[in-house]
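Thanks for coming, everyone. I want to walk through some side-chain interactions today.

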Amino acid sequence: MPRYKLTIEYDGTGLVGWQRQDSGPSVQATLEAAAERLDGNPCVFFAAGRTDAGVHATGQVTHVDLVKDLSAEAVRDGLNFWLTREGSRRQVAVVESELVDDQFHARFSAIERRYLYRISNRRSPPVLERGRVWWVKRPLDAAAMHEAAQCLVGHHDFTTFRASECQAASPMKTLDVLSISRVADEVHLIAESRSFLHHQVRNMVGTLKLVGEGKWRVGDVRKALEARDRRKGGQTAPPDGLYLTGVSY
């Protein structure tokens with residue numbers, strides 16, 4: 001059976017996340033329904049990251065085995081054809097398709113994942129970007145946030161930034177990049193690591209927002225990290241502003 005590596009994008013608004021669930025529509029189930037129409041057989045998709053409800057992606061990577069021997073281009077175009085017919089909204093699209101060997105696994109072969117978090121930082125609420133950014137109307141000091149973020153770069157115990165329902169075997173993670181910058185009236189956070197804990201990025205954003213507002217200083221972020229206690233960190237930022245932007249292999 002040929003295996004295809006797919007790069008996909010999706011609008012997570014109204015979806016229960018990547019993983020197939022009984023509680024509502026998911027990215028995985030949407031793709032599998034389209035693939036079954038294309039291939040004529042039940043299909044299972046595996047993703048590089050199981051994004052939560054409301055989280056978006058511009059560079060999610062997944063793989064699927066099909067029975068039919070199709071070209072990569074035919075898989076991309078065929079899936080997109082059927083995806084437009086799965087529900088009334090076009091929320092999922094295949095951007096790239098590549099034929100790979102059966103040793104490739106979207107999740108286990110990945111060596112780095114990249115996320116972007118967008119904060120709309122202006123007095124007026126977002127209209128066109130509603131559901132795609134976190135609106136924070138109080139002015140944020142992006143430079144101070146970036147300085148504080150560097151306390152989190154490296155190999156640490158990230159218990160303070162870990163969701164209580166996280167199923168990872170260990171809270172130890174190596175954060176390779178955590179940068180924050182202002183782009184017009186938005187504040188962007190970019191995080192890169194081999195893997196992340198559940199809600200890690202969103203919890204780091206909620207904590208660093210306190211620095212941007214002037215409520216915390218760099219030392220407070222360091223103390224929160226060292227506390228290894230979720231109650232010592234900031235709020236969990238909403239899923240609206242989070243995007244999985246790329247995966248390296």
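One definition before we start. A polar contact here is a pair of N or O atoms within 3.5 Å; within protein, one must be able to donate a hydrogen and the other to accept it, and residues adjacent in sequence count only if both atoms are side-chain atoms. Keep in mind that this is a predicted model.

Start with Asp229. Find the loop between helix H5 (218-227) and strand E10 (242-248); Asp229 is there. A polar atom of the Asp229 side chain lies 2.9 Å from the backbone nitrogen of Arg231. That falls under the definition I just gave, with its limit of 3.5 Å.

The two residues also pair through their side chains. Asp229 and Arg231 form a salt bridge, with the closest N and O atoms 3.1 Å apart. Arg231 is exposed, at 75%. The cut-offs matter here: buried means under 20%, exposed means over 50%. What else does Asp229 touch, leaving aside its neighbours within four places in sequence? Thr159 and Thr160.

Now Ser26. Look at the loop between E1 and helix H1 (27-39). Ser26 sits in that loop, and it is buried, with a relative accessibility of 0%. Its side chain reaches the backbone nitrogen of Ala29 at 3.1 Å. Then there are the contacts of Ser26, again setting aside neighbours within four places in sequence. They are Val16, Gly17, Trp18, Gln19, Arg20 and Gln21.

Back to salt bridges. How many does the structure hold? The count is 13. Asp229 with Arg231 is one of them. Let me take two others.

Arg3 forms a salt bridge with Asp65; the closest N and O atoms are 2.6 Å apart. Why does this pair tie together separate parts of the chain? Because Arg3 lies in strand E1 (residues 3-10) and Asp65 in strand E3 (residues 56-65), parts that are 62 residues apart in sequence. Arg3 is buried, with a relative accessible area of 14%. Asp65 is partly exposed, at 25%.

Next, Glu129 and Arg118. Their closest N and O atoms are 3.2 Å apart, and they form a salt bridge. This pair links distant parts of the chain, eleven residues apart. Arg118 is in strand E5. Glu129 is in the loop between strand E5 (112-120) and strand E6 (134-135). Arg118 counts as buried at 13% relative accessibility. Glu129 counts as partly exposed at 31%.

Which residues join this pair in a network? Glu186 does: Arg118, Glu129 and Glu186 are linked by salt bridges.

Last topic, cysteines. A disulfide is a covalent bond between the sulfur atoms of two cysteines.

To recap. Asp229 reaches Arg231 through a salt bridge and through the backbone nitrogen of Arg231. Ser26 is buried and reaches the backbone nitrogen of Ala29. Arg3 pairs with Asp65. Arg118, Glu129 and Glu186 form a network of salt bridges.

How values were computed:
Residues are numbered from 1 along each chain as its sequence is written. This is a predicted model: local features need pLDDT of at least 70, side-chain atom pairs count only at pLDDT 80 or more; totals for chains, interfaces and linings use all residues. Side-chain values use heavy atoms; hydrogens and water are left out. A salt bridge is a side-chain nitrogen of Lys or Arg within 4 Å of a carboxyl oxygen of Asp or Glu. Helices (H or I, at least four residues) and strands (E, at least two) are DSSP runs, numbered from the N terminus. Buried means under 20% relative accessible area, exposed over 50%, partly exposed in between (1.4 Å probe, protein chains only). Contact means heavy atoms within 4.5 Å.
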